[in-house]
Amino acid sequence: MLRVINMRVSLNDNTSIHNLAAKRLRIPPQAVLGVVIIRKALDARRKNNISFVYSLDVKTTVPEGQLLSSLRGDKDVTIIKEQESVKITPREIKLEDRPVVIGLGPAGMLAALTLAQHGYRPLVLERGRDVEKRTQDIAKFWNTGEFDETSNVQFGEGGAGTFSDGKLTTRVNDPLMHHVLDLFVKAGAPPEIMYLHKPHIGTDKLRGVVKKIREQIIELGGQVEFEAKVTDVTIENGKIKGVTVNDNRYIPCSIALFAIGHSARDTYTMLYNRGIDMEAKPFAIGVRIEHPQELIDQSQYGISASHPNLSAADYSLVYHAKETRRTAYSFCMCPGGLVVAAASEIGGVVTNGMSLYNRASGVSNSALVVNVNPEDFGSDVLAGIDFQRKYEQLAFKYGGNNYHAPLQTVGDFLANKVGSTAFQTKPSYRPGVCTADLRQCLPDFVTDTLAEALPDFDRKIKGFAHPDAIMTGVETRTSAPVRIKRNHEYMSVNVQGFYPIGEGAGYAGGIMSAALDGLNSAIAIIKTI
C-alpha cells in the first residue's frame with residue numbers, strides 16, 4: 001500500500017478522491033484499486049487560494065517499487081505496511097468481584113466497554129439518568145428554569161460532552177486514537193471523524209452514539225445502573241474493598257475505576273475525606289461570547305466565505321498580559337452553535353457551548369477564559385471548588401436568582417457600564433438572560449485580563465470586539481479543579497485497586513482524551529489481572 005501525503009486540492013475541485021489519487025500517482029484511474037482517506041485538513045492561510053490537504057492510503061495494480069521509481073524519489077509518496085491490531089493478554093489472576101466503573105462519560109464508557117470486550121462483566125454506576133430521560137430533563141430546565149440536580153448537562157449518561165459540540169480534537173498522540181474513532185463510527189458517529197483534522201460529532205448524533213455503546217456493554221455481559229451515586233468508599237489496609245451507593249447499598253469490589261467527571265464536587269469531598277491522595281490544579285474561568293457566524297466565516301475564509309465546500313469556521317485566540325502574566329484564550333469554540341445552561345448545583349449559573357452536527361444556527365460562540373492558579377484560591381486541596389462555586393452563585397444572583405444568566409455587551413463591558421440591549425445577535429442562552437455587570441460576577445484579575453484581550457482579539461478577527469457583541473457569564477467548568485494522584489499504571493498512589501481516570505481525575509480535557517484515558521486504564525487492568 002502507498003501512503004500519499006500533502007496532496008493539495010483546490011476548494012473548487014470536485015473531482016472524486018479516486019481520480020485525484022490516480023492523477024497524483026500519474027496512473028490511469030482503473031489502476032487504482034482502493035483509496036482510504038487518512039487525513040483531511042483545511043489550509044485557509046491564503047484567503048485567495050484556500051485548499052484541502054489530504055493524506056491517502058492507495059492500493060494499485062502497479063507494483064509499488066515500480067511506481068515509486070516512476071515518481072523519481074517523491075518524498076510525499078512512500079510504501080507502508082498495514083498495522084496489526086493491538087493484542088491484550090490478560091494475566092491469570094482471578095477477581096473475586098466484578099470491576100466497578102463509576103461514571104458513564106467518555107472515560108467510563110471506554111473503560112467499561114474494553115473490560116466487557118475481554119470478559120470482565122463490569123458493573124457501571126452512573127449518578128445521572130440515561131441519555132433519553134436526561135435529554136428530556138435538560139430540555140425542561142432550558143424551557144422552564146426547573147433545575148434537576150440528578151439529571152443535567154454535567155450529570156448523566158455520556159457525561160458533559162454529550163451536550164457540547166462533540167469535538168474529538170486532542171493534543172494527545174496515542175496510537176489507539178484510531179481504535180476509539182472506529183468504535184464511535186460503529187456506534188453511529190459520522191464516518192468522516194476517522195480522517196478530519198478537526199472532527200466533531202455534534203450533540204444530536206452523539207446522544208445516539210452514547211446509547212449504542214451502553215447497549216454494547218450490556219450485550220457483552222456488563223451491567224449499567226442509573227441514578228446510582230457512589231456516596232462512600234470502603235478502604236482497608238490501603239486497598240479498595242467496596243463502594244456504597246445512594247447511602248444505602250454496599251457493593252464489594254477490589255477494582256474501582258472512578259470516572260466521575262469534573263463537576264462531581266460531592267464525590268471529590270467524600271474521596272478526600274476518605275484519604276484518597278489528591279492535589280489542587282489550575283483551571284480557567286470567564287464568559288461566553290457570541291458573534292454572527294458570517295463574521296467569523298468572512299474573517300477566516302475571506303472571499304470564499306459562502307463557498308458550499310466550506311463548513312462554519314472556527315477560531316483559536318490567545319492573549320498574554322505582559323504585566324500580570326495572565327493568559328486569556330478562547331476555549332471550546334462552537335461554530336454555528338448556542339450557549340447553554342450547564343449548572344449542576346442549586347443556586348448556581350454555569351455556561352457552556354453546544355452545536356448540532358450541521359452547525360447551522362448562524363451564530364458562533366466561544367468561551368473567553370483566564371487562567372486560575374492554586375495560589376489564587378488558597379492552600380486547601382478543595383479550595384478550587386469553593387472558588388468556582390462563589391462566582392457561579394454570583395452569576396445566579398445577578399441573573400435574577402432564577403437560572404437566567406448575566407449578560408453584557410462588549411461595549412458596555414469595556415466602558416464599565418450596564419444596560420445596552422442593542423444586541424448584535426439574539427442571546428441563545430436559555431431559560432433567559434438579564435443585563436448585568438459581569439465584573440460583579442468574576443474576579444478582578446479575570447475581567448481586567450479580558451478587557452486587555454478583547455482589543456487584541458479584535459485586531460486578529462475584525463469585529464470580534466464589536467460594541468454590540470454579547471458576553472454571557474459565567475464559564476467555570478473548563479477542567480477539573482483537582483487532580484487525583486495516580487501512578488503509571490493508572491492506579492491511585494495510595495489506595496490499591498482505586499483507578500482515577502478521565503477528566504474528573506485531572507488527566508484529560510475533552511471527549512477524545514478522556515476516552516483514551518479510560519481505554520488505557522482498562523488495558524492496564526487487563527494486563528495485570
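Is Arg-249 buried, partly exposed or exposed? I looked up its relative accessibility: at 34%, Arg-249 counts as partly exposed. Buried means under 20% relative accessible area, exposed over 50%, and partly exposed lies in between (1.4 Å probe, protein chains only).

I noted that this is a predicted model, where local features need pLDDT of at least 70, side-chain atom pairs count only at pLDDT 80 or more, and totals for chains, interfaces and linings use all residues. Residues are numbered from 1 along each chain as its sequence is written, and side-chain values use heavy atoms, with hydrogens and water left out.

Next I checked the surroundings of Arg-249. Arg-249 sits in strand S10, residues 249–252 (strands are DSSP runs of E, at least two residues, and helices are runs of H or I, at least four, numbered from the N terminus). The side chain of Arg-249 makes a polar contact with the side chain of Glu-225, at 2.6 Å. A polar contact is a pair of N or O atoms within 3.5 Å; within protein, one must be able to donate a hydrogen and the other to accept it, and residues adjacent in sequence count only if both atoms are side-chain atoms. I also looked up Asp-232: it is 17 residues from Arg-249 in sequence and 10.0 Å away in space, C-alpha to C-alpha.

Then I turned to the lining of the largest cavity. Helix H3 (106–117) and helix H6 (203–219) each supply at least two of its residues. H6 gives the largest share, four residues.
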